[in-house]
Amino acid sequence: MQVALENNIVFVVIEYLAILCWGLSGGLAAIRKGYDIFTIMLCGWLTALGGGLVRDVMLGALPPVGITDKGYVLTTLFSGIIVVVAHPEITKLKWTMTVIDALGLGLFAVSGTAKALAYGSSGMTAVFLGMFTALAGGLIRDIFIGDVPMIIRDKHLYAVPSFIGCILTVLVWRGVSYGWFDMRSEMLLDVLIVIIVVALRLLSVGFNVTLPGAVERHRVYLPSESRYLKRPVIHPHRYRRYPQYQGRRRQASGWFKAASGLTAFKEVHLAFCRMTTAFKEVPEARNVEYKCCNDSVYSWVFPYSVPL
């Protein structure tokens with residue numbers, strides 16, 4: 001079974017060019033991982049024809065076109081040989097590869113959806129199979145070499161244009177089945193769909209257009225669990241009301257309050273020192289540093305200024 005675009009020699013040439021480009025990109029992915037020439041050619045074949053393999057197996061069109069079409073297979077093998085030798089130059093042709101990749105994305109999305117519809121699939125099934133045709137090759141390659149799949153790694157619009165192209169292809173196919181379009185009109189509409197997919201992809205890359213992520217929120221609205229949302233203040237700012245107690249030297253005014261943060265031992269020690277100095281009537285007791293040493297529990301210096 002043939003679809004409308006397969007009857008146009010121009011789009012057949014573009015399809016082969018897209019297969020070549022996808023084979024080159026698959027080979028580059030394997031080269032970046034440091035694999036040998038066999039793995040490089042295998043990754044190129046998987047990238048270019050893996051989506052068609054998935055589509056044909058799910059449609060029951062056996063054997064798949066990825067192993068029966070000599071032109072497709074030889075093109076992928078040729079791309080593997082090219083990328084082994086000329087991979088530094090191919091890496092520099094980033095924008096050219098992006099344009100050809102976008103053309104292949106649109107062509108394979110339209111042709112895969114049309115082939116699924118020609119085999120009697122429903123519209124929803126045809127959309128999935130069309131997206132498999134356009135995206136499954138790179139997905140299989142990335143899983144094969146242990147990379148994050150391209151459709152997840154690339155933040156620009158990649159799967160969305162192919163999804164739109166598949167839906168539009170289903171609508172055109174339905175129009176043809178209802179007699180609204182003839183074969184010539186169908187071909188023109190398929191060309192227009194490919195242009196839309198390519199334009200969406202290139203505009204996304206050129207102007208850095210990405211899909212939004214999750215909505216950023218800082219509050220949780222669960223009335224039944226509100227008591228778990230507010231964390232209790234375990235360590236309040238106990239010196240906020242007593243700025244004179246902050247710092248290393250703290251003024252001792254009267255009996256220390258519990259908010260000063262001193263332990264019971266410190267409070268007892270300070271009171272004892274105050275009473276001792278008061279009974280001895282030492283004039284210099286207004287600014288004395290008391291040292292507590294040889295204690296079985298504590299051994300430090302209490303730098304307290306004790307006013308009388």
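In which helix is Ile167 found? I looked this up first in the predicted model, and Ile167 turned out to lie in helix α8.

**Entry on Ile167 and the patch.** I noted a relative accessibility of 33% for Ile167, which counts as partly exposed because that class lies between the buried limit of 20% and the exposed limit of 50%. I then found Ile167 in a nonpolar surface patch of about 570 Å², which is made by Phe163, Ile164, Ile167, Leu171, Leu192, Ile195 and Ile196. The elements that give two or more residues to this patch are α8, covering 159–177, and α9, and α8 gives the most, with four residues.

**Entry on Leu203.** Leu203 has a relative accessible area of 45% and is partly exposed. Leaving aside neighbours within four places in sequence, I found Leu203 in contact with Asn208 and Val209. I also looked up Leu157, which is 46 residues from Leu203 along the chain, and the C-alpha atoms of the two are separated by 8.8 Å.

**Entry on the whole chain.** I recorded 10 helices and two strands for the protein chain, and from the N terminus on the elements run α-α-α-α-α-α-α-α-α-α-β-β. Of the 308 residues, 39% are buried, and the chain exposes about 18800 Å², with carbon and sulfur atoms supplying 64% of that area. Among contacts with a separation of 6 or more, I noted that 66% are accounted for by residues 24 or more positions apart.

Conventions:
Residues numbered from 1 in each chain as written. Predicted model: local features only at pLDDT ≥ 70, side-chain atom pairs only at ≥ 80, totals over all residues. Heavy atoms only, no water. Buried < 20%, exposed > 50% of the residue type's maximum accessible area, 1.4 Å probe, protein only. Contact = heavy atoms within 4.5 Å. Areas by Shrake-Rupley, 256 points an atom, 1.4 Å probe, with all protein chains shown as cover. Patch = residues over 30% accessible without salt bridge, like charges linked within 9 Å, V, L, I, M, F, W, Y side chains within 5 Å. Salt bridge = Lys/Arg side-chain N within 4 Å of Asp/Glu carboxyl O.
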